[in-house]
Amino acid sequence: MASSSLGFMLNGNIAAGGLAINMSKATQVKHFYQSAFGGLSSIGSLILPPNLESIAQVDVFNTVRSLTELEIPAKVTNIYPSSIYNNSNLRFTVASGSTTFTAVDGVLYTADMTELVSCQKDVSSFTVPDRKSTRLNSS
C-alpha cells in the first residue's frame, strides 16, 4: 500500500556527517509528521519532495541543526508553527510558484508578508520588512 505521508522515522544510522538527502523523486510524499528527520542531526543538504503539501507536526526538523538552507516547495500550504525550530544556521528559500510562502533574507513569511512563519537566525534584534502589520508566529 503506497503512502502519501512521511510518517516514519528515517534511519538515523545512515552515514555520519554531511548526509545528503534528495527526496526530489519521492513524488508520493505529501506530508511530514513529527520527528520525520529524528536522529539525523548531520544532514548537510536536503531536497524536499516536490509535491509536499504540509509540514504538519512539531519537531519535524528540530534535531537537524547542521542544515543551513531549506527550500520550501511551491505546493506547501501548511507549516505547523513548531515544526521547524532550534537551528540558528537555517535560512529559508521558497520555490517559485508558491502562493502561500515567501522568504526574505532567509526568513520565512506568508506570501502576503502579514505573518512571520519562521526566523531561525541567531539574532539579537530583528527588523520586520516594511508592511502595514506583521503578526509574529509563536515558533
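**Figure 1. Asp105 sits in the loop between strand S9 (101-104) and strand S10 (107-110).** The model shown here and in the other views is predicted. Asp105 has a positive phi of about 50°, although Asp105 is not a glycine. Most residues other than glycine have a negative phi. Asp105 is exposed: its relative accessible area is 57%, and the cut-off for exposed is over 50%.

Figure 2. Is Met113 buried or exposed? Met113 counts as buried, at 6% relative accessibility. The cut-off for buried is under 20%.

**Figure 3. Phe32, Phe37 and Phe61 are linked into a cluster by ring pairs.** The structure holds three aromatic pairs. One of them joins Phe32 and Phe37, with ring centres 5.2 Å apart. The planes of these two rings stand at 90°, so the pair is edge-to-face. Phe32 and Phe37 are both buried.

**Figure 4. Phe37 also pairs with Phe61, and this pair is stacked.** The distance is 5.1 Å centre to centre. The angle between the planes is 15°. Which parts of the chain does the pair tie together? Phe37 lies in the loop between strand S3 (31-32) and strand S4 (43-47). Phe61 lies in the loop between strand S5 (54-55) and strand S6 (69-72). The pair therefore ties together parts that are 24 residues apart in sequence. Phe61 is buried, as is Phe37.

**Figure 5. The protein chain around these sites has 12 strands and zero helices.** From the N terminus on, the elements run β-β-β-β-β-β-β-β-β-β-β-β. The chain has 139 residues, and buried residues make up 37% of them. How many of the contacts with a separation of 6 or more join residues 24 or more positions apart? Such residues account for 42% of those contacts. The protein chain exposes about 7,600 Å². Carbon and sulfur atoms supply 48% of that area.

Methods. Residues numbered from 1 in each chain as written. Predicted model: local features only at pLDDT ≥ 70, side-chain atom pairs only at ≥ 80, totals over all residues. Heavy atoms only, no water. Phe/Tyr/Trp six-rings, centres within 6.5 Å; stacked < 30°, edge-to-face > 60°. Buried < 20%, exposed > 50% of the residue type's maximum accessible area, 1.4 Å probe, protein only. Helix = DSSP H or I, 4+ residues; strand = E, 2+ residues; numbered from the N terminus. Contact = heavy atoms within 4.5 Å. Areas by Shrake-Rupley, 256 points an atom, 1.4 Å probe, with all protein chains shown as cover.
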